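Dear colleague,

Please find the structure below, for your records. My notes on it follow directly after.

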Amino acid sequence: MLPTPSTAHVCFDHVYEPAEDSFLLLDTLSSPSETAFLHSRFKQTSFQEGSNETCNSSSPLVLEIGVGSGVVLAFVAANASNIFGRSDVLTLGTDINSFACKDASRTVQTATDEHCPTPFFDIINGDLASSIRSSCIDIFLFNPPYVPAELPDLSRHDNYNTLPMGQTSTSFEQDSYLLALSYAGGADGMEVTNRMLEQIPQILHPVRGVGYLLLCAQNKPEEVKQHIRNWGSRWMAETVGSSGKKAGWEKLQIVRIWRETSK
Amino acid sequence: MKILTLNFLTCARKLCKSSNTAFPLHPKEADLEIVETEINVLFLKNIMGRLMWEELKGVVGELGLPDLPPTPPEPETLVETKLQAPEGDNTGLNIEKAEVPSQIAKDLHRVLLETCVKEGKLVCGNCGHEYAVREGIANFLLPGHLV
Ligand SMILES: [Zn+2]
């Protein structure tokens with residue numbers, strides 16, 4: 001078991017607290033089958049082997065959308081050698097909640113200071129991957145707001161994304177709004193995930209790109225996987241991790257999204 | 001926000017996605033700070049192949065920082081061999097060859113990984129929208145009418 005990053009400094013009044021879903025993502029990324037897949041996909045090859053290989057040997061860039069406390073991104077940054085077979089990994093995170101961005105930054109800093117210095121990480125405040133340059137993401141991670149519940153009213157976002165004028169703490173309404181952003185997924189819990197899925201073919205590197213998406217049973221995971229496969233003949237979507245198995249169906253699962261390389 | 005991060009970001013507006021002037025974003029009224037980190041030469045070698053060098057050079061110039069070389073440095077120029085005594089050995093009898101980061105590597109590390117925008121704006125070259133950076137975190141959220 002690789003160490004779980006400390007989130008002791010995070011204010012869980014308005015930032016999502018690591019839970020079963022976060023830990024399923026950590027366990028899946030560090031499972032023997034996924035590390036074997038990632039090691040072979042991001043194998044370091046020497047510079048002398050020709051220009052094609054140079055692309056393969058570049059440092060991979062990990063993007064996590066909705067970092068929350070930062071526990072997942074910090075885990076990946078601090079355990080890059082175990083997960084990817086190399087330590088020269090770049091990590092980038094986004095969150096719509098500016099309080100989460102600050103706390104996550106500290107989580108990654110602390111975890112990497114303790115276990116393994118990371119060569120690069122940064123966190124930005126944004127809506128999904130809207131500000132990410134196309135084709136530059138090698139590993140994409142998303143634990144979305146997946147609960148079938150009404151989306152919060154985004155017209156309040158500007159007011160609620162920073163401390164109220166002249167105050168040193170957030171209000172109860174503000175905290176409820178910010179937490180709702182981290183779990184409420186609208187109809188079928190899929191409204192935010194569907195918006196994210198639309199951006200994935202754009203941001204993923206055409207050859208190396210691979211994504212890990214968490215889904216719950218109410219998200220209709222079989223339909224989601226079929227939808228991804230319909231993007232084109234090379235697109236793949238498979239369940240590579242699950243938890244809470246009950247009466248034959250999993251409560252939560254991790255779907256790996258990637259393109260098969262042409263032979 | 002680190003200078004290297006600007007290599008991975010573009011304007012968040014849909015109408016700018018097909019424009020080639022929406023990347024890179026241009027820093028404006030930027031208040032910079034240095035946050036020291038350990039140099040990692042292997043990392044510097046392995047990111048050269050994935051950087052958009054021209055754009056990076058442009059951003060560095062706009063910030064008034066020392067110019068980057070015209071093309072990405074070759075991996076072998078990032079290290080140099082130095083004769084030195086093992087750590088803690090002051091006898092001068094055990095001089096050995098060691099690979100150390102070159103000045104080029106140190107300069108790159110300083111600009112890309114230690115220089116951070118603490119406060120300021122990032123401006124899109126296509127639509128002119130300004131994104132704020134506060135306390136080191138860039139805000140790419142758009143008001144409803146611009147999405
Ligand atoms: Zn723009």
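Helix H2 of chain B is followed by Gly64(B), whose phi is positive, near 75°; helices (H or I, at least four residues) and strands (E, at least two) are DSSP runs, numbered from the N terminus. This is a predicted model, in which local features need pLDDT of at least 70 and side-chain atom pairs pLDDT 80 or more, while totals for chains, interfaces and linings use all residues. Residues are numbered from 1 along each chain as written, chains are lettered from A and ligands numbered from 1 in the order written, and side-chain values use heavy atoms, without hydrogens and water.

The zinc ion has as protein donors (N, O and S atoms within 2.8 Å of the metal) the SG atoms of Cys11(B), Cys16(B), Cys124(B) and Cys127(B), at 2.3 to 2.4 Å. Their spacing along the chain is C-x4-C-x107-C-x2-C. The arrangement is tetrahedral (all angles between 85 and 135 degrees), because the donor atoms subtend angles of 106 to 115°.

Between the chains, Asp138(A) and Arg50(B) form a salt bridge (2.7 Å, N to O), the cut-off being a side-chain nitrogen of Lys or Arg within 4 Å of a carboxyl oxygen of Asp or Glu.

With kind regards

How values were computed:
Donors = N, O, S within 2.8 Å, 3.2 Å for Na, K, Ca; no water. Tetrahedral: all angles 85-135°; square planar, octahedral: opposite > 155°, others 65-115°.
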